[in-house]
Amino acid sequence: MDERVITAIIAVVGVPAVLVAYIWGTEQALRVVPEKMKPRIRPWLWMLPALAFLGLFLLYPMIGTIIASFQNTLGTVWVGLENYEWFLGSNDALSALKNNVLWLIFLTLFTVGFGLLIAVFVDRVRYESVAKSLIFLPLAISMVAAGVIWLYMYQYKPPGAVQTGTLNAAIGVFGLGPIPWLQVEDFSVNTFMLIIVMTWMWTGFGMVIISAALKGINPELLEAARVDGANEWQVFKGIIFPLLVPTLVVVGTTMVITALKAFDIVFTMTSGNLNTDVIANLMYKEMFRVGEFGRASAIAVVLLVAIVPIMFFNIGRFRAQEAVR
Amino acid sequence: MRSTYRFLAPLMVLGLLLAACTAATPGASTADGSQEPGASQGEEDLTGAEVTVIGTWTDAEQESFLAMVAPWEEQTGATVKYQGTRSINDILAAGIPTGVLPDLAGLPGPGQMAEYVAAGALKPLDDVLDIETYVEETSPGLVALGQVDGVTYGTFIKSAVKGLIWYNPTLHDYAGSEPATWDDLIAEGEANQGDAEGLWCLGIESGDASGWPATDWIEEILLHQAGPDVYNQWWAGEVAWTDPAIQTAFETFMNDVVANTYGGGTTAVATKFDLAGDPLFASPPGCALFHQASFITGLGAFVGKTAGTDYNAFPFPAFNDEFATAVEGAGDLFGMFHDTPAAKSLMRYLVTADAQDIWVARGGALSANKNATSYPDDISTLMGGMITGAEQFVFDASDQMPTAMGAAFLSHLVSLTAGSETVEEALAELQTVADDAYSE
């Protein structure tokens with residue numbers, strides 16, 4: 001029989017069979033346990049496979065990374081805090097850190113801001129679903145593809161030559177430019193150009209979630225306010241916005257994490273040159289180009305330390321919201 | 001059907017590599033001179049044996065390599081499992097600590113080769129090759145580049161010269177009166193520039209390797225200004241970046257090249273290296289001269305044009321008589337990670353003139369072996385002559401520096417060319433990196 005057919009059968013029949021066998025097996029094993037203890041042990045047995053995978057693929061590498069961050073490149077000598085000292089003493093690393101702060105602030109601001117704006121506006125038009133689909137579409141594109149698309153948008157040819165980049169061709173119509181969008185370091189213009197690409201991708205995400213929350217607001221509340229003479233701005237400021245705050249926070253924290261993890265766009269578009277580097281790209285460079293495993297691990301740990309509090313905050317918010325429901 | 005296989009290909013390669021690594025027990029050194037009988041003839045029967053090879057060659061180059069090994073496969077009955085990838089550096093860097101390595105591999109450069117030797121991953125070739133014949137047939141500069149402490153670890157199965165200045169003969173034909181010195185070049189170039197907007201074309205964008213065409217520039221200038229000794233001490237970390245010789249080379253690049261570039265440094269940074277020479281052929285032309293290695297004839301607007309009539313080249317001019325015949329070349333260094341009988345046999349075969357002539361005749365490569373000379377056109381013959389005639393031959397410096405140093409060299413040349421750094425700032429920064437990179 002064709003090998004692929006066998007693989008397909010294993011995937012379709014084999015995996016569920018193993019799962020069922022596992023559940024049945026746990027029940028058999030639970031027979032030896034006194035009746036009272038069963039409900040307490042059973043969930044753990046059911047979670048065991050998932051926990052094992054998490055441990056193997058998440059926890060184990062994480063601990064390994066933390067250990068490696070205190071060792072030299074080959075992992076043979078303990079070097080204490082040397083890798084972290086390098087990080088704090090390196091201009092490249094500090095510039096990447098600064099850029100990540102820009103990413104964090106502005107990507108979050110732009111995606112939440114535009115997401116809110118669009119969600120509120122399209123709520124009032126007939127072609128809402130079409131508009132929302134269009135804005136959501138970029139999220140379906142892979143980040144590398146988005147980077148390549150925007151490389152063409154930002155393309156620069158010397159003055160006098162035919163501008164093949166969309167933006168420069170557009171401003172050329174008005175006799176402006178050309179502007180080397182990705183080469184201007186002043187005021188981190190090039191970093192902002194990269195953030196715009198990510199904003200283009202992720203605004204749809206913010207919009208969809210905020211829009212869903214908007215639909216959840218009781219229309220009678222808004223009606224009552226309007227009857228009492230509130231204008232639309234007052235309705236938005238006094239009722240809609242406060243009710244949306246929990247959602248905005250969730251979207252915001254998700255975007256903060258996305259910003260901290262930014263890599264693909266920077267890697268494909270500038271590869272961190274001309275002061276556009278970010279932490280994740282720096283980590284990749286140290287790891288795969290330079291082969292400094294210790295330093296790359298230290299960067300990973302810095303990133304982890306930055307993200308963990310935000311994740312806990314996010315989980316906390318999520319729980320609080322669940323409790324309200 | 002086919003797409004399914006394509007999807008599986010990376011997994012299969014990994015599987016093959018794993019298989020290769022388990023087959024050859026690491027550490028069990030068999031390179032103690034115990035050659036198989038008849039080994040030097042390269043005709044032993046290896047039916048069924050497999051050699052895993054990874055290299056940087058893809059597409060046409062991959063076809064040429066496979067054509068090159070086909071006679072060996074026929075002779076021995078063994079097969080070559082080849083995988084071409086541009087990220088060979090990443091794969092080997094990840095493979096050294098984990099042991100997942102192919103039998104034979106293209107090595108990124110002599111610097112990395114020394115690192116792999118230090119890590120104990122590369123096998124010595126002194127007992128694998130007929131070393132006397134190899135040394136005699138190969139350009140001495142290339143032999144030395146494949147050695148670590150006098151032991152041969154890497155061989156060259158093809159090579160290339162850098163430092164060619166390309167021009168469009170319909171604008172001005174330099175053939176027969178090539179500029180001999182740098183000053184002549186600048187003077188004649190400017191005099192014959194015609195309608196061209198800039199003297200030079202320059203494009204240094206190349207993804208995460210952006211900046212390398214500019215590092216090539218600095219290397220050529222330094223090699224011809226200060227000579228091979230300073231050049232070699234420089235990449236080895238024995239000459240500081242802040243040394244006057246280095247600073248002069250950087251300033252020559254900034255003043256004579258970047259300042260006279262079509263569209264200025266910003267355009268150079270925003271232009272992909274493979275399309276950088278295209279303005280040579282535009283109307284009106286963007287530039288009159290373009291510096292790039294021989295492979296450019298396979299890229300951009302060069303494709304489909306005829307060597308000699310549409311474009312031509314002359315060697316990088318001298319700054320002074322002393323270093324006029326110095327040549328910067330590149331080569332595809334090849335090393336062995338597992339000393340299986342089939343891998344050894346293939347290695348012996350690849351260094352022969354017969355094998356290298358196959359690729360040379362197909363075009364796009366210069367042989368490392370002096371006896372392989374079946375070049376398809378005049379420019380290739382000119383370049384082949386540059387290699388065999390070179391009194392001093394140096395390898396790409398940025399490839400030989402510690403990887404951290406090479407990466408910083410690249411990214412600072414991007415900043416420098418874009419005009420966001422001064423030469424002094426860049427050199428001071430590079431020296432800081434050097435203090436760290438060479439200390440390990």
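**Notebook: chains A and B**

I started with burial in chain B: of its 440 residues, 50% are buried, meaning 20 or more other C-beta atoms, placed from the backbone, lie within 10 Å of a residue's own. This is a predicted model, so I kept in mind that local features need pLDDT of at least 70 and side-chain atom pairs count only at pLDDT 80 or more, while totals for chains, interfaces and linings use all residues. Residues are numbered from 1 along each chain as its sequence is written, and chains are lettered from A, with ligands numbered from 1, in the order in which they are written.

**Chain B, overall**

I looked up the secondary structure of chain B and got 16 helices and 12 strands. These are DSSP runs numbered from the N terminus, with helices (H or I) of at least four residues and strands (E) of at least two. Next I checked contacts, which need C-beta atoms, placed from the backbone, within 7 Å. Among those in chain B between residues at least 6 apart in sequence, 78% join residues at least 24 apart.

**B:Glu61**

I found B:Glu61 in helix H2 of chain B, residues 59-76. Is B:Glu61 buried or exposed? B:Glu61 is buried, because 20 other C-beta atoms lie within 10 Å. I also noted B:Arg362, which is 301 residues away along the chain, yet the two C-alpha atoms are separated by 9.5 Å.

**The core**

I then went to the largest nonpolar core, which has 180 residues. Such a core is a set of buried Ala, Val, Leu, Ile, Met, Phe, Trp, Tyr and Cys residues joined through C-beta atoms within 7 Å. H8(A) gives the most to this core, 11 residues. B:Cys287 and B:Leu346 have the most contacts inside the core. Leaving aside neighbours within four places in sequence, B:Cys287 has contacts that include B:Trp200, B:Cys201, B:Tyr262 and B:Pro279.

**Helices around H8(A)**

I took H6(A) (143-154) and H8(A) (189-215) first: their axes come within 11 Å and cross at roughly 125 degrees. The axes are lines fitted to C-alpha atoms over the stretch in contact, with angles from 0 to 180 degrees between N-to-C directions. That angle makes H6(A) oblique to H8(A). For the wording, under 35 degrees is roughly parallel, over 145 roughly antiparallel, 65 to 115 roughly perpendicular, and the rest oblique. Which residues of H6(A) meet H8(A)? I listed A:Ala146, A:Gly147, A:Trp150 and A:Tyr154, against A:Met193, A:Val197 and A:Met201 in H8(A). By class, this contact has 6 nonpolar, 1 polar and no charged residues. Here Ala, Val, Leu, Ile, Met, Phe, Trp, Tyr, Cys and Pro count as nonpolar, Asp, Glu, Lys and Arg as charged, and the others, Gly among them, as polar.

The axes of H8(A) and H10(A) (232-260) come within 9 Å and cross at roughly 160 degrees, so H8(A) is roughly antiparallel to H10(A). Among the residues making the contact are A:Trp202 and A:Gly206 of H8(A), and A:Leu244 and A:Thr247 of H10(A). The residues of this contact divide into 9 nonpolar, 3 polar and no charged.

I also checked H9(A) (219-227), which is hardly covered, with 0 buried among its 9 residues. A:Gly229 follows H9(A), and its phi is positive, near 100 degrees.

**Where the chains meet**

Last, I looked at the interface: 23 residues of chain B are in contact with 18 of chain A. On the side of chain B, H3 (88-98), H10 (264-270) and H15 (403-418) each supply at least two residues. The largest share, 7 residues, comes from H15(B). That side of chain B has 9 nonpolar, 11 polar and 3 charged residues.

Methods: Two residues are in contact if their C-beta atoms, placed from the backbone, lie within 7 Å. A residue is buried if 20 or more other C-beta atoms lie within 10 Å of its own, exposed if 12 or fewer, and partly exposed in between; C-beta atoms are placed from the backbone.
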